[in-house]
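Hi,

Here is the structure I promised to pass on. Have a look at it first, and then read my notes below.

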Amino acid sequence: MSDRDYHSSTQGHSTQGRPRRSAYAQMRFGDAQPGQETQDAQAYSRSQGGRAYASQHGHTASGRGISGRTASSRGAGARTANGRGAAGRTANGQVVVRRAPKKSRLPLVGLALGVLLIAGVGAFGITQLTGGGTPSSSSGPLTVSDTTQTNQAASSSANTNGTSSTDNADKGQIILTLGGSADTYVAKGEEYIESGCHAFDKTDGNITSQVKTEGSVDASTVGDYKVTYSVTDSQGATASKERTVHVIDNMDKNKDGIPVLMYHYVYTKDDPPKKKDANYLLDTKLEAQLKWLTKNKHYYPSYQELAAYIDGKHSLPRKSVILTFDDGQEGFLKYGIPLLEKYQVPATSFIICNQKKAAQKISDYASEYVSFQSHSYACHQDGHTNIGRGGAIYDKSESQLIKEEKKATELLGTNEAFAYPYGDVSDVAPSALKKAGYLCAFTIHNGRVKKGDDPMQLTRVRMLGESALEGFKAQVLGEDYK
């Protein structure tokens, strides 16, 4: 969390003996008085001709409010009252979960067919798709057949962390989470970026390394292609999920940069925080934002796609946006995730990986639409310096950070993205994260991600709880806002 003083007061981290922060720093980290402005908000306001900042604070010509729909009006695929959907939920009609028979000759038949298939396809050559951190790409025909997904996070034991579950969880339940949008768009002749699929099982924990990827994509030919991900757990339950890849001739390409939205906390009128600051967003406001994104058909790139976009190897649709929520706060998990599921909007939850309940949260709130990524393993706490915001990241050497992030990777089963705790970036942190295998690392500096940016120090667009819907539109649309 970037709200330095608020977090310190709630978790007992003393801030005595440190210089008093300016009004700018106070507003930036959640303890400012109403009416104060951050330099980032001012800069963004000027960049948009004053429209975004004015709209963000509700200064619209119409003065209209937002949708009053609440999280209770959930659609298919949303969580049930006990916080868990049913095994095999099909919010997007693509997930199938079934129980394998105890005894069957099908494995022998399948093995024989598999040998024949490999022999036949081998004559023509097979290019494998891998669904982990390093983007797999091709502008020509790309074929996959029964390929085990190699996750960037290394093949850790399925029972390592994250195996806790709720009392009423279905044994053998598997939840598959696609990287990015289920409908993936590629400009004809450009590289197809394989974004992979995460898998979490209620019994085995993270089983992403066991996911098999099958399909064929020819990025040189316009058309729709299918990529299927499947996995089997230790109990014999299987699950599969499908991605549709659209290779199109005339993509309306993004030229203004990709807004990576930085949220923190979600609450309801019936469950308000004891101390509310700018980081708290009412669930009805979040729903209005998700509803607008869905209605206007926004695209949600994976981190593999974003990394390729930064490198100048891949174009993204003009209406691209990425949603991130820092800290893994209970309000977001309880009230935010059901809304993401209702509107089928993918998002990232940056988890503080050394918290005692980190594994429990990942297990209890595993979702088709939420990717859990690292908010550091042991840096989201006070350090011993007055550098930056005084976070522990400044106390760590490069080798220490690499070692700690390996622990985070073992917990999460992935290392695609990292969010700097408190926004603190030490001199050695970017290189450490790169060596640890991360594709993208995000600060709290305001701005859009553009081609040529340093992937280990990317900017985000901060979401404030008091923002009006028009302000949200301006922040997402950028130069396209009218």
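Which unit do E16, helix H11 and E17 make, and of which hand? The three of them form a right-handed β-α-β unit, with H11 covering residues 429–435. Right-handed here means that, with the strands pointing away from the viewer, the path from the first strand over the helix to the second runs clockwise. The names are those of DSSP runs numbered from the N terminus: helices are H or I with at least four residues, strands are E with at least two.

Before I go on, a word on what you are looking at. This is a predicted model, where local features need pLDDT of at least 70 and side-chain atom pairs count only at pLDDT 80 or more, while totals for chains, interfaces and linings use all residues. Residues are numbered from 1 along each chain as its sequence is written, and side-chain values use heavy atoms, with hydrogens and water left out.

Back to E17 (residues 440–446). Strand E16 (residues 417–419) pairs with E17 in the parallel sense over three bridges; two strands count as paired if DSSP finds at least two bridges between them. Phe418 is the residue opposite Ala441 of E17. E17 also runs parallel to strand E18 (residues 458–462), joined to it by two bridges, and Asn446 has Arg460 in E18 as its bridge partner.

Next, helix H6. Its 13 residues (283–295) reach 18 Å from the first C-alpha to the last, close to the 18 Å expected at 1.5 Å a residue; that expected span is 1.5 Å times one less than the number of residues. H6 is mostly covered, with 10 of its 13 residues buried, among them Asp283, Lys285, Glu287 and Trp292. The cover over those buried residues includes strand E13 (322–326), helix H8 (330–343) and helix H12 (469–477). Just past the end of H6, Lys297 has a positive phi of about 55°.

Thr348 sits in strand E14 (residues 347–351) and counts as buried because its relative accessibility is 4%. Its side chain makes a polar contact of 2.7 Å with that of Tyr303. By polar contact I mean a pair of N or O atoms within 3.5 Å; within protein, one must be able to donate a hydrogen and the other to accept it, and residues adjacent in sequence count only if both atoms are side-chain atoms. Thr348 and Leu323 are 25 residues apart in sequence, yet their C-alphas are 6.3 Å apart. Setting aside neighbours within four places in sequence, Thr348 has contacts (heavy atoms within 4.5 Å) that include Phe325, Ser371 and Gln373.

The other one, Thr177, belongs to strand E3 (residues 174–178). Thr177 is buried too, because its relative accessibility is 8%. A polar atom of the Thr177 side chain lies 2.6 Å from the backbone oxygen of Ser367. Leaving out residues up to four places away in sequence, Thr177 touches Cys197, His198 and Ser371, among others.

As for the whole protein, there are 12 helices and 18 strands, and 56% of the 482 residues count as buried. Of the contacts between residues at least 6 apart in sequence, 70% join residues at least 24 apart.

Cheers

Methods. Buried < 20%, exposed > 50% of the residue type's maximum accessible area, 1.4 Å probe, protein only.
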